[in-house]
Amino acid sequence: MERWSGKVAIVTGASSGIGAAIAKDLAKAGMVVVGLARRVDRVEALKTDLPTAAADRLHAVKCDVSKEEDILQVFKWVEKKFGGVDVLINNAGISRQTELINADNTQELREVLDTNVLGLVLCSREAYQSMKKRSVDGHIVHINSVLGHKVLNFPHLNIYPASKHAVTAITETMRNELRNAGTKIKITSISPGVVRTEILPESFVEQGHPMLESEDISEAVLYVLGTPPRVQIHEVIIRPVGEKF
């Protein structure tokens with residue numbers, strides 16, 4: 001991680017769970033971290049868990065990645081304040097408890113796609129433009145899911161697996177585009193199994209399924225970022241021991 005010391009990372013969905021763990025670990029590793037979230041006060045609160053120097057490197061910024069105007073404003077702010085972004089962690093993701101065949105759920109379905117797919121693409125686009133402008137060999141990391149590789153017969157998953165399958169396809173598309181553009185910008189998809197986060201329905205937690213912790217995923221992010229420039233970890237799948245799916 002030494003090559004990233006003092007460099008700028010944007011972490012979306014940084015208010016809790018995986019995003020919060022990543023934001024804290026990157027700040028502790030010496031990066032300037034811009035933590036994006038709708039609940040910006042919760043990102044600010046993360047500073048209490050950090051040493052003073054790391055806390056000073058963490059900056060909380062309000063942003064809803066389902067809104068293009070929010071994304072554009074944030075990247076302009078980062079460019080003005082820090083010069084640009086070197087690492088992007090696309091972590092923001094939501095789910096909604098419904099079924100595809102339910103009536104009157106169009107808004108819920110749109111919210112999932114706007115956040116999990118379009119928000120990820122737009123953030124990646126703006127990060128790439130920032131890296132290209134400064135000739136930076138940066139790194140874009142998508143926090144995907146095992147549901148981006150298979151669909152399970154669980155109730156109420158609805159469009160969530162489709163959104164994560166899209167992330168898998170987008171990662172490969174971006175790898176091709178970044179190579180075709182002549183850059184050495186890296187792209188990585190990290191696909192966890194079940195992680196103990198707020199996104200999980202309480203009923204699922206109560207069933208006692210094996211779970212990963214947010215810190216397990218953050219450690220994977222540090223690993224892929226820490227690889228030498230010649231190495232690109234394209235896909236990482238992480239499952240808790242004993243997971244049945």
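## Sheet, pockets and cavity

Helix α4 (68–82) supplies the largest share of the lining of the second largest pocket, five residues. This is a predicted model, in which local features need pLDDT of at least 70 and side-chain atom pairs count only at pLDDT 80 or more, while totals for chains, interfaces and linings use all residues. Residues are numbered from 1 along each chain as its sequence is written, and side-chain values use heavy atoms, with hydrogens and water left out.

Some terms come up throughout. Helices (H or I, at least four residues) and strands (E, at least two) are DSSP runs, numbered from the N terminus. A pocket is an open set of points on a 1 Å grid over the protein atoms alone, with protein on both sides within 12 Å along at least five of seven lines; a cavity is a set where a 1.4 Å probe fits but cannot get out; lining residues have an atom within 4 Å of a point. Grid points are joined across faces, edges and corners, and a volume is the space filled by probe spheres set on the points.

Stay with the second largest pocket. Its volume is about 180 Å³. Helices α4 and α5 each give two or more residues to its lining. Among the lining residues are L72, F75, K76, E126 and K133. By class, the lining has four nonpolar, three polar and four charged residues. Here Ala, Val, Leu, Ile, Met, Phe, Trp, Tyr, Cys and Pro count as nonpolar, Asp, Glu, Lys and Arg as charged, and the others, Gly among them, as polar.

Now the largest pocket. It holds about 1200 Å³ of space. Of its 49 lining residues, S95, Y160, T197, I199 and L200 are the closest to its centre. Helix α1 gives the most to this lining, with three residues. The lining divides into 23 nonpolar, 19 polar and seven charged residues.

Next, the sheet. It is open, has seven strands in the order β3-β2-β1-β4-β5-β6-β7, and pairs in parallel. Two strands pair if DSSP finds at least two bridges between them. β3 (58–62) and β7 (235–238) stand at the edges with a single partner strand each, so one side of each has no neighbour in the sheet. Neighbouring strands are turned by 15 degrees against each other on average, direction ignored. Axes are lines fitted to C-alpha atoms, for helices over the stretch in contact (heavy atoms within 4.5 Å); angles run from 0 to 180 degrees between N-to-C directions.

Look at β4. Three bridges join β4 to β1, and I10 has L88 as its bridge partner. Four bridges join β4 to β5, where N90 stands opposite H142. Helix α6 (residues 160–180) lies across β5 and β6, at about 160 degrees to β6.

The search finds one cavity of 30 Å³ or more. Helix α5 (residues 106–133) gives the most, with four residues. The cavity lining has four nonpolar, five polar and no charged residues.
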